Amino acid sequence: MRTGDRLLRIYVWLVLAWLFAPIIVMIVFGFNDTRSKSNVSWQGFTLAWWGRLDEFPLLTAAVLDSITIALLVTVIATVLGTLMGIALGRHRFRGQAATNLVMFAAISSPELVMGASLLSLFVSMGVETGYWTIVVAHVLFAVSFVAVTVRARVVGLDRSVEEAARDLGATPWVTFWRVTLPMILPGVVAGALLAFALSIDDFVITQFTSGSTTTFPLWIYGAVRIGVPPQVNILGTLIFAAGAAIAVVNSINARRRT
Amino acid sequence: MRRLTPYLLILPGGLWLAVFLVVPMVFMASVSTQEGDVVNGFAQTFAFSNYTDALARYQTQFLRSAGYGLAGTVLAVLLAYPVAYWIAFRGGARKSTYLLLVLLPFFVSFVLRTVSWKFLLADDGMLLGPLKSAGLLAADFHVLQTTTAVIGGLVYNYLPFMILPIYVSLERVDPSVVEAARDLYASRAGAFTRVVLPLSLPGIFAGVLMTFVPMTSDYVNAAILGGPANTMIGNIIQTEYLVNNDYPVGAALSFTLMAVMLAGIFAYARVLGTENVLEAAAR
């Protein structure tokens, strides 16, 4: 290996170390035997916090809200986004360019502006913000990502398989469920995972549309000034472990298919 | 019936986007020229002075945000390019593993990662504490509440969004094109600057688009890692909306921010075509 390549590889690993540094800190400090409110310096190893995960009822409620919101958002955005992705990838129709443009706007608009405009709408209409307005807002940004992911899969599809199904007497409905959907499923699953990850991590739009409801990221943000308890580290670690496990399995499956 | 199919498929998602993306923008435009307060209600008076007042009052924060966004984006390009290059050309069979490593941090909430940095960089924290007690740093040396901390946080949080699109464009570069350049007596540097770099420009454009907008409108990094001298326009908008309940001023600021951003986005989309950008965004 040339010196340049070797230096480049060291550089890549340094960047990766930088990306992971705060995550390692998060994981390690979930085991910190801290006495003070601020969990900043290492005091020794303990497993005590794992037994006291639900010490803060509001934190527990926030985590549960985050999870249920993300699940609802995943279901709604995946259904709506998959239909859109099929339409955009398969059909040519009037309004296609406009749809692409709006989706593009939804993906690239600053979250801050989306949150501010949604709150303007809710305030003007006298809608009280809370759990359901968060769901509405999350579906809004997730649906375009699902649609784009599914569209990419649909575009690469071999249409002759569906034609064969129809020639063999399958109705359009049966063709969709038994032929089209199984073929685009990897795209749908990827879109659903993306929707879940975007929703559970979202902060900015959530803060604008949450009212008195608190999600996990909102709770942490609120706790920064008073001190973040080790339970947050553990909950963050658990979410990270679950997400990482799914991503790794998904990537291994994807490699096996190709 | 067959001709109706695409419209029926688009309808539910399209309606959602129309009702909750397009309509709110109209409402925000309306709110931005209203006057009043949260107790007595707001009335539409077409007070365009909201814009001039808000811009006059917060031009410092606007310019600062643009500066931070620009600096962050440039740094992100410089940091991301070699990573994307190495994964695309030297990653070999483990390309997807490296990409996975770049993406894994996203499974920790953005806020939690930023809070972790705050602890790492604290005045007596894990990094500065030992250096200070060893006498290598002055006792009053600090990173938090500085411009460096905020821009560093921005680059940290959005770097993967720069690595991915650049990687996608580099991955498409056919290695035989580079070989051809070398066979035609291009130097290594020449083959890079005249062949590889131009072919990866769409990726850089897409990456800039995906990072400049969220960096410039960010307020979480400035709130957690910065100090009073680092307030960005996002912090102002957030305060006007959620603390002061001064919706007209908040709306006028958001609208101005969005107008500036949209102008930039459309210029980019013109250059690239919306489908390309969307594809890059999807990966």
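**Local geometry and chain contacts in the predicted two-chain model**

With 10 C-beta neighbours inside 10 Å, Phe46(B) counts as exposed, because the count does not exceed the limit of 12 or fewer that defines this class. The model in which this residue is described is a predicted one. Phe46(B) is placed in the loop that runs between strand 2 (41-44) and helix 2 (49-90) of chain B, and its phi is positive, at about 50°, although the residue is not a glycine. A positive phi is also found at Asn245(B), again a residue other than glycine, where the value is near 55°. Asn245(B) lies in the loop between helix 10 (233-242) and helix 11 (247-272) of chain B. With 13 other C-beta atoms within 10 Å, Asn245(B) is partly exposed, since a residue counts as exposed at 12 or fewer such neighbours and as buried at 20 or more.

As to confidence, the mean pLDDT of chain B is 89, and 94% of the residues of this chain reach 70 or more. For the complex, the predictor gives an ipTM of 0.90 together with a pTM of 0.90. Where pLDDT is low, the predicted coordinates should not be read in detail.

Chain A contains eleven helices and zero strands, so that its pattern, read along the sequence, is α-α-α-α-α-α-α-α-α-α-α. Taken along the principal axes, the C-alpha atoms of chain A fill a box of roughly 70 × 65 × 35 Å. Of the 258 residues of chain A, 43% count as buried. Among the contacts in chain A with a separation of 6 or more, 81% are accounted for by residues 24 or more positions apart. A pairing across the sequence of chain A is given by Ile67(A) and Ile200(A), which are 133 residues apart in sequence, while their C-alpha atoms are 6.6 Å apart in space. Ile67(A) belongs to helix 3 (residues 57-90) of chain A, and Ile67(A) is partly exposed, because 16 other C-beta atoms are found within 10 Å, a count between the limits of 12 and 20.

Between the two chains, 73 residues of chain A are in contact with 71 residues of chain B. On the side of chain A that touches chain B, the largest share, 14 residues, is contributed by helix 1 (residues 3-28) of chain A. By residue class, this side of chain A divides into 55 nonpolar, 13 polar and five charged residues.

The axes of helix 4 (residues 96-108) of chain A and helix 1 (residues 5-31) of chain B come within 11 Å and cross at roughly 50°. Helix 4 of chain A is therefore oblique to helix 1 of chain B, because the angle falls between the limit of 35 degrees for a roughly parallel pair and that of 65 for a roughly perpendicular one. The crossing of helix 4 of chain A and helix 1 of chain B is left-handed. From helix 4 of chain A, the contact is made by Thr99(A), Val102(A), Met103(A), Ala105(A) and Ala106(A), and from helix 1 of chain B by Ile10(B), Gly14(B), Leu17(B), Leu21(B) and Val22(B). The residues of this contact between helix 4 of chain A and helix 1 of chain B comprise eight nonpolar, two polar and no charged residues.

Terms used. Residues numbered from 1 in each chain as written. Chains lettered and ligands numbered in written order. Predicted model: local features only at pLDDT ≥ 70, side-chain atom pairs only at ≥ 80, totals over all residues. Contact = placed C-beta atoms within 7 Å. Helix = DSSP H or I, 4+ residues; strand = E, 2+ residues; numbered from the N terminus. Nonpolar A, V, L, I, M, F, W, Y, C, P; charged D, E, K, R; others polar. Axes fitted to C-alpha atoms, helices over the stretch in contact; angles between N-to-C directions. Parallel < 35°, antiparallel > 145°, perpendicular 65-115°, else oblique. Left-handed = near helix turned anticlockwise from the far one by under 90°. pLDDT = per-residue confidence, 0-100.
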